[in-house]
Amino acid sequence: MSKIARIDTILLDIPFDDYYDGPRTKPRGWTQRDTLLVRVETDDGIVGWGESFAYACGTATRAAVRDMYTPRLIGRESGDIAALSREMQRQLHIQGRYGITIFAWSGIEMALWDIAGKREGVSLARLLGGRKRESVPAYASLVRYGEVLPVAHVTETAMRQGFTDVKLHEIALDTIAAARGTGGSRLRLTTDVNCNWSLAVAEELLPRMKALDLYWVEEPIFPPEDVETLAALEKKFGVALATGENACTAFQFRGIIPAVTFVQPSVTKVGGILEFIKVAEATKAAGKVLMPHCPYSGPGWWASLQLAAFLPELGMLEHLFIQPRSWIGLESPVPQNGMVAIPDAPGLGFEPDPNALQHFTVAD
């Protein structure tokens with residue numbers, strides 16, 4: 001069995017457009033996507049790629065990979081990923097079992113699975129137990145615009161591209177209603193509140209979300225893991241709720257899964273492939289719906305696709321509906337009429353685009 005010889009990180013900041021060039025009364029908020037690639041190389045020359053969550057925390061996550069994990073992993077056997085995951089979580093629990101510590105491990109663990117698949121010459125889904133499907137539905141996940149005209153325009157744009165599911169990141173009634181007015185009954189609509197509502201506002205607006213026939217409302221209140229309140233809101237107002245994108249490890253999901261209809265692990269945050277699968281199994285056992293958080297275009301996206309091939313109960317994948325200056329991976333799979341073909345190359349199937357690395361890498 002090969003040993004881990006080298007671990008490197010590459011932080012990318014890639015600007016993007018948001019499909020709207022019309023008038024705005026508010027300046028654009030989010031304008032670039034941060035991605036932290038994790039490159040793991042074995043002593044016999046196999047290279048695996050992973051992705052650690054990096055939005056507004058890329059330098060911190062990079063430091064965790066370099067300072068906390070790399071000294072512990074160089075020279076270790078690369079193949080027993082489950083044992084390494086248990087060991088790393090135990091050794092680093094004093095630094096925290098959630099957040100940056102687990103974000104960093106997620107990318108390393110993902111890269112180790114990429115290595116394992118490449119070593120066997122099979123895709124991750126086949127390595128895990130077999131491909132259950134060749135493609136997976138995706139929904140268009142819009143950035144927050146905060147204004148009626150952009151929301152209506154970009155919702156229409158997404159539908160013209162073949163999406164029948166759209167997720168907003170809107171928190172006001174008028175902008176959410178604008179998307180419903182544009183899409184009508186043909187559109188299955190959700191919104192991610194990103195914890196911006198108080199409990200009083202949630203109780204005021206959830207009946208309106210019910211009237212607008214939202215498929216789910218995501219993270220309506222803070223903190224997002226206030227599972228007792230989430231369960232009570234879902235029961236009281238009859239609106240399906242979603243949460244989990246900010247949770248780490250299957251242990252933290254124990255309270256989340258019973259509380260909401262839609263469970264949202266993120267492979268770049270939860271602890272990697274194995275923790276994601278544990279969450280998926282617990283979600284299925286509880287009769288809830290697995291709906292991953294995956295607005296990525298690096299290895300996190302490719303890993304999510306492989307998990308979708310392996311887990312037939314997975315509902316849809318999240319496609320961030322933007323126009324990036326560059327894709328990170330070569331031949332990046334993107335939705336066509338709301339469906340994404342799942343690659344079957346060894347490992348994750350991801351290889352970085354040298355042009356993206358050349359033009360958008362952030363200096364260490």
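1. Buried means under 20% relative accessible area, exposed means over 50%, and partly exposed covers what lies in between (1.4 Å probe, protein chains only). Helices (H or I, at least four residues) and strands (E, at least two) are DSSP runs, numbered from the N terminus.

2. On the model itself: it is predicted, so local features need pLDDT of at least 70 and side-chain atom pairs count only at pLDDT 80 or more, while totals for chains, interfaces and linings use all residues. Residues are numbered from 1 along each chain as its sequence is written, and side-chain values use heavy atoms, with hydrogens and water left out.

3. Helix H11 covers residues 299–310, and its end C-alpha atoms are 16 Å apart. This agrees with the 16 Å that twelve residues should span at 1.5 Å a residue; the expected span is 1.5 Å times one less than the number of residues. Among the buried residues of H11 are Trp301, Trp302, Gln306 and Phe310. Glutamine 306 has a relative accessible area of 0%. Leaving out residues up to four places away in sequence, glutamine 306 touches Ser123, Leu124, Ala125, Ile342, Pro343, Gly347 and Leu348, where contact means heavy atoms within 4.5 Å.

4. An open sheet of four strands runs in the order S3-S2-S1-S12, with antiparallel pairing. Two strands pair if DSSP finds at least two bridges between them. Strand S3 (47–52) and S12 are the edge strands, each pairing on one side only. Helix H1 (residues 58–73) packs on the sheet and touches S1, S2 and S3; its direction makes about 170 degrees with that of S1. Axes here are lines fitted to C-alpha atoms, for helices over the stretch in contact, and angles run from 0 to 180 degrees between N-to-C directions.

5. S2 and S3 pair in the antiparallel sense over six bridges. Leucine 37 stands opposite glutamate 51, and arginine 39 has tryptophan 49 as its bridge partner. The two strands form a hairpin with four residues between them, and glycine 45 in the turn has a positive phi of about 90 degrees. In a regular strand the side chains alternate between the two faces of the sheet. In S3, Val47, Trp49 and Glu51 point one way and Gly48, Gly50 and Ser52 the other way, and all are buried.

6. There are 14 aromatic pairs in the structure. Rings of Phe, Tyr and Trp (its six-membered ring) pair if their centres lie within 6.5 Å; planes under 30 degrees apart count as stacked, over 60 as edge-to-face and the rest as tilted. The rings of phenylalanine 16 and tryptophan 30 have centres 5.3 Å apart and planes at 85 degrees, so this pair is edge-to-face. Phenylalanine 16 lies in strand S1 and tryptophan 30 in the loop between S1 and strand S2, 14 residues apart. Phenylalanine 16 is buried at 3%, whereas tryptophan 30 is partly exposed at 35%. Tyrosine 19 and phenylalanine 321 have ring centres 4.1 Å apart and planes at 10 degrees, so they are stacked. Their pair ties together parts that are 302 residues apart in sequence, and both residues are buried.

7. Phe16, Trp30, Phe53, Tyr55, Phe103 and Tyr296 form one aromatic cluster. The charged end of lysine 269 sits over the ring of phenylalanine 53, 4.0 Å from its centre. The charged end of arginine 188 sits over the ring of tyrosine 215, 4.1 Å from its centre. The criterion is NZ of Lys or CZ of Arg within 6 Å of the ring centre and within 35 degrees of the ring normal.

8. Aspartate 165 is in strand S5 (residues 165–168) and is buried at 9% relative accessibility. Neighbours within four places in sequence aside, aspartate 165 is in contact with Tyr139, Ala140, Leu187, Arg188 and Met316.

9. Some backbone geometry is worth checking by eye. A cis peptide bond joins phenylalanine 222 and proline 223, with omega about 0 degrees; proline 223 is in the loop between strand S7 (214–218) and helix H8 (227–237). Threonine 249, not a glycine, has a positive phi of about 70 degrees; its place is in helix H9 (residues 249–256), and threonine 249 is buried at 1%. Asparagine 337 has a positive phi near 50 degrees and is exposed at 60%.
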